Amino acid sequence: MKKVFVLILALMPFAFSLQAQHNKQVVDGIVAVVGKSIVKTSDVEQAYTQVRLRKGLENEHVERCELLESMLINKLLIHKGIIDSVEVNDEQVEEQVQYYLNMAVRQAGGKDKLREMFFVSYDELHDQYFDLLHDRMLSQRVEHQLTENVAVTPAEVNEYFNNFNPDSLPIIPTQYEVSEIVLTSTISEAERDRVRDELNELRERIIKGEKFSMLAKLYSQDPGSANKGGELGFFGRGEMVSEFEATAFALKPGEVSPIVETKFGFHILQLIERRGNTVNCRHILLQPKTSSEDLLRARVTLDSLALEISQGHITFEEAAQKYSDGKSKAQGGTVTNPNTGNSRLDKETFSELYPGISILALDEGQVSNASPIVTEENKSAYCIIRLNKKAVEHRANLADDYDRIQNACLQEAQNRKVIEWANRMAKNTYVRIADEYKDCPSFKVKWSE
């Protein structure tokens, strides 16, 4: 179920590092020209290095040929987008640029370390990311226009599946469907007041001249930003919780906000810089503490509830809707996989969500004992889990994996649509390919007469 058309873009800092190191060792050259765009030797070699690290050493020439064709189709889509004046919003591109720049800065350990690690300055990396992301967004929009009306019927899905050799069908690992009931402890008003008072004292110290960044390192309870002086990096609208975002975008550079309460706790913010439709802020987060007595009360309540469920006095769904503090309560406690959006969890994902519960120890329909967890808001809580269904490891089949097979079938149909279009487009576009790649046996597009 291999996707034919893959966007090959050096967006991750690791990829940039590989490219920079490779460029220091070899003389770069031009492998192909599509319209006014070029594909360099380093582009192919960088992509091949990433594939080799992921898959191991296979047929080098075939791999390079497949990667090159993906790049050629990508260039052709960009060429079509330019001809048709397909619009790309620069502000949206900039928001994505800031996301990747922040990742690069974190990986390097600061802006001043970028050149040492990636061989480029912050501004140079910004420009590279902007060009790459602009082209990616342009090609994606053109591809969407080409494939948005592609659909597959159940008969086509069946035919797609039946064309596979049974021994070549992928192995689907054991997956679980579970429901949860989560109880978080109520924070007392006295504890909330204590945190507000502490944060107000820190705010006064900053206003009187102490450095926000130093106090963030000493006191902030946000593990992701405290060691960076509270700095969050650039973010756009829609990326933070609403109360935090509204405050951040209302600040002037250097201004310190009043106390802001979010589901994560209490914050004060300081605006560092505004760039386009993005801002960079520092913040100090303090979180009210849950008492051990409250946590014990939550645990006892859940253990009692589990007993009532097992004795049939109340259904799990009714209990979840009545008592749970989890976001799944509206669905009767049914848990959604945060990585896929469906209800199936593999063992690793389950362990990340519920580290204190062994899914292997539960039978279908069984409810676990109360176990401590930390919520998405970094709050201490207890939960009980019911194993609804266990799909043991198996080869893919239509009965259990129809959605997965349908998506693969649709992807193949969309790939065919793009390949058909590329064969027509290539006839009316200037394309030149280096001699070493002209006779690639894996090419699906006729790139030259």
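Mentor: One cut-off first: buried means under 20% relative accessible area, exposed means over 50%, and partly exposed lies in between. Also keep in mind that this is a predicted model.

Trainee: Okay. Then what does Y219 count as: buried, partly exposed or exposed?
Mentor: Partly exposed, because its relative accessibility is 32%.

Trainee: And where is the place of Y219?
Mentor: In helix α9, which covers residues 212-219.

Trainee: Which residues make a nonpolar surface patch with Y219?
Mentor: M214 and L218. Together with Y219 they make a patch of about 300 Å².

Trainee: New topic, strands. How many bridges join β1 to β2?
Mentor: Four. Strand β1 is residues 30-34, strand β2 is residues 37-40, and the two run antiparallel.

Trainee: Which residue is the bridge partner of I30 in β2?
Mentor: K40.

Trainee: What about the turn in that hairpin? Which residue takes a positive phi there?
Mentor: G35, with phi near 60°. The hairpin has two residues between its strands.

Trainee: Now the four-strand sheet. In what order do its strands come?
Mentor: The order is β5-β8-β7-β6. The sheet is open, and the pairing is antiparallel.

Trainee: Which strands stand at the edges?
Mentor: β5 (231-236) and β6 (260-262). Each has a single partner strand, so one side of each has no neighbour in the sheet.

Trainee: By how much are neighbouring strands turned against each other?
Mentor: By 45° on average, direction ignored.

Trainee: What joins β7 to β8?
Mentor: Nine bridges. Strand β7 spans residues 265-275, strand β8 spans 278-286, and they run antiparallel. As one example, H267 has L285 as its bridge partner in β8.

Trainee: Which helix lies across β6, β7 and β8?
Mentor: Helix α8, residues 189-207. Helix α8 runs at about 35° to β7.

Trainee: Last stop, I171. Which strand does I171 lie in?
Mentor: Strand β3, residues 171-172.

Trainee: What is I171 in contact with, leaving aside its neighbours within four places in sequence?
Mentor: E393, H394 and R395. I171 and R395 are 224 residues apart along the chain, yet their C-alpha atoms are separated by 4.4 Å.

Technical notes: Residues numbered from 1 in each chain as written. Predicted model: local features only at pLDDT ≥ 70, side-chain atom pairs only at ≥ 80, totals over all residues. Heavy atoms only, no water. Patch = residues over 30% accessible without salt bridge, like charges linked within 9 Å, V, L, I, M, F, W, Y side chains within 5 Å. Areas by Shrake-Rupley, 256 points an atom, 1.4 Å probe, with all protein chains shown as cover. Salt bridge = Lys/Arg side-chain N within 4 Å of Asp/Glu carboxyl O. Buried < 20%, exposed > 50% of the residue type's maximum accessible area, 1.4 Å probe, protein only. Pairing = 2+ DSSP bridges. Axes fitted to C-alpha atoms, helices over the stretch in contact; angles between N-to-C directions. Contact = heavy atoms within 4.5 Å.
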